[in-house]
Amino acid sequence: MERPVYFDNAATSFPKPSTVVHAVVHYMTQIGANAGRSSHFRAVEAGRLLFNVRNSLASMFGLDNPMNVILTENATGALSLAILGYLREGMHVITSSMEHNSVIRPLEHLRKQGTIRLDIVQCDTAGKLDPDDIRKSICNDTALVAINHASNVNGVVQPVAEIGAICREKGITFLVDASQSAGSYPINMKEMQIDLLAIPGHKALLGPTGTGALLIDDSFDPKRISPRKFGGTGSASSMIEQPDFLPDRFESGTPNLAGFAGLAAGLDYLQRFEGGIQRIHQHESELREYFVEKALQEGVEIYSDERNPATATVSFRIPNFSVSDVARRFSDDEGILCRQGLHCAPLAHRTLNTFPEGSLRFGFGLFNSYEEIDYAIDAIRRIRDAQ
Amino acid sequence: MPNSSFVILFHSSNHAIWAEAALKKACINCKMIPVPRHLSSDCGYCVEFEHTEHDHVLDILSHGGIEYDRIAMSK
């Protein structure tokens with residue numbers, strides 16, 4: 001077994017398939033051009049590269065129109081575009097106590113300046129959201145429900161399809177943050193009745209950092225969202241106004257072409273993976289179950305209810321040890337790479353009763369193995385017994 | 001392409017590339033070219049195809065919901 005052992009896939013996936021690396025190098029050495037501006041053959045090739053990413057993402061998440069895939073710098077960029085671009089004076093918004101700061105901070109910003117009213121629905125102590133609590137919070141002026149599909153703290157997966165049905169029935173826009181689930185948990189925007197889906201390219205979709213997207217449902221009028229940035233698009237060059245068609249309405253400036261070249265390869269890898277995302281989810285669930293079972297035998301505290309559906313992200317503590325000390329020993333002595341503390345989700349930690357110290361977090365990925373988990377369990381034992 | 005070819009003009013290169021992909025998927029002989037000098041367009045390139053494929057091309061654009069500006073003679 002090679003070390004270090006990488007268990008920080010909830011932050012970004014590693015390693016990437018070699019095809020992703022080769023695609024980035026191929027763009028940098030063989031294409032190199034900007035997309036959508038000039039008309040020479042390399043510029044066209046760069047444009048095709050972006051189209052391939054849009055087309056693959058549309059197909060993966062159940063969209064008909066690839067132009068409704070807005071490429072962004074990450075999921076945070078996609079969420080800020082959706083939240084700040086959509087919400088207007090006097091709107092009421094519902095979100096949950098398990099949200100990441102990429103959702104809570106733009107909402108809190110709007111609430112604090114008096115633009116919106118915000119209700120944060122409390123999840124149970126394992127982080128699970130009851131869709132009935134969403135229904136009870138709906139008011140006449142509720143315009144948006146923003147929900148984290150899977151928690152970045154403990155992996156709990158929310159009943160997004162049930163919440164989507166409630167939102168559709170009430171005519172409320174439904175925004176889903178799929179930062180932790182896109183690529184490792186099946187998502188279909190039509191079946192789940194999701195209007196706006198924010199995804200990162202660099203986590204389970206296996207692309208490089210600096211890539212993400214906002215997917216807008218085919219039936220959602222994109223003019224309801226104002227652009228958050230303005231500038232050159234390579235299109236409508238005779239006009240000084242921002243174009244109103246997609247994706248140009250939201251995509252000013254030169255995109256991260258090298259990154260998207262890698263993401264196209266990551267998506268291609270997933271599309272060719274036998275059994276698809278369902279099989280990947282099964283593998284990661286098995287890793288999670290294996291770790292949790294062994295960790296519990298060692299007296300480790302796990303901050304989740306294993307009866308809930310979940311991704312392969314686990315939060316835990318070794319009793320009587322500070323999480324920062326354990327994380328340092330994991331990194332320096334054992335060669336285990338993970339995250340510790342508060343994972344950019346203070347409300348989630350309060351919900352799970354892990355505030356303010358936070359937790360240790362293992363985020364397993366497609367390329368992790370049982371052998372690595374056995375090694376981590378041995379490491380936990382060594383740290384605990386050395387006291 | 002023969003003299004009797006047409007071009008599809010677009011507002012955005014994103015739509016041009018989408019159209020090219022859809023036409024190629026339908027095995028239509030087409031080519032991405034810079035917009036000819038006698039035409040003007042918001043987008044730097046356009047898709048050229050043979051005139052005999054005209055109706056087939058329109059069907060594909062319409063069926064796919066692919067936005068375009070207009071169709072013109074290439075020469």
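**Exercise 1.** State which residue just after α4(A) takes a positive phi.

*Solution.* Helices here are DSSP runs of H or I with at least four residues, strands are runs of E with at least two, and both are numbered from the N terminus. The model is predicted: local features need pLDDT of at least 70, side-chain atom pairs count only at pLDDT 80 or more, and totals for chains, interfaces and linings use all residues. Residues are numbered from 1 along each chain as its sequence is written, while chains are lettered from A and ligands numbered from 1 in the order in which they are written.

**Exercise 2.** Find the buried residues of helix α4 (residues 101–112) of chain A.

*Solution.* Step 1: a residue is buried if 20 or more other C-beta atoms, placed from the backbone, lie within 10 Å of its own. Step 2: in α4(A), A:Ser102, A:Val103, A:Ile104, A:Leu107 and A:Leu110 are buried. Step 3: these buried residues pack against elements of chain A including α3 (75–86), β3 (91–96) and α11 (346–351).

**Exercise 3.** Describe how chain B touches chain A.

*Solution.* Step 1: two residues are in contact if their C-beta atoms, placed from the backbone, lie within 7 Å. Step 2: 15 residues from chain B and 20 residues from chain A take part. Step 3: on the side of chain B, α1 (13–25) and β2 (30–34) give two or more residues, and α1(B) has the largest share, 5 residues. Step 4: that side of chain B divides into 7 nonpolar, 6 polar and 2 charged residues. Ala, Val, Leu, Ile, Met, Phe, Trp, Tyr, Cys and Pro count as nonpolar, Asp, Glu, Lys and Arg as charged, and the others, Gly among them, as polar.

How values were computed
Buried ≥ 20, exposed ≤ 12 C-beta atoms within 10 Å, placed from the backbone.
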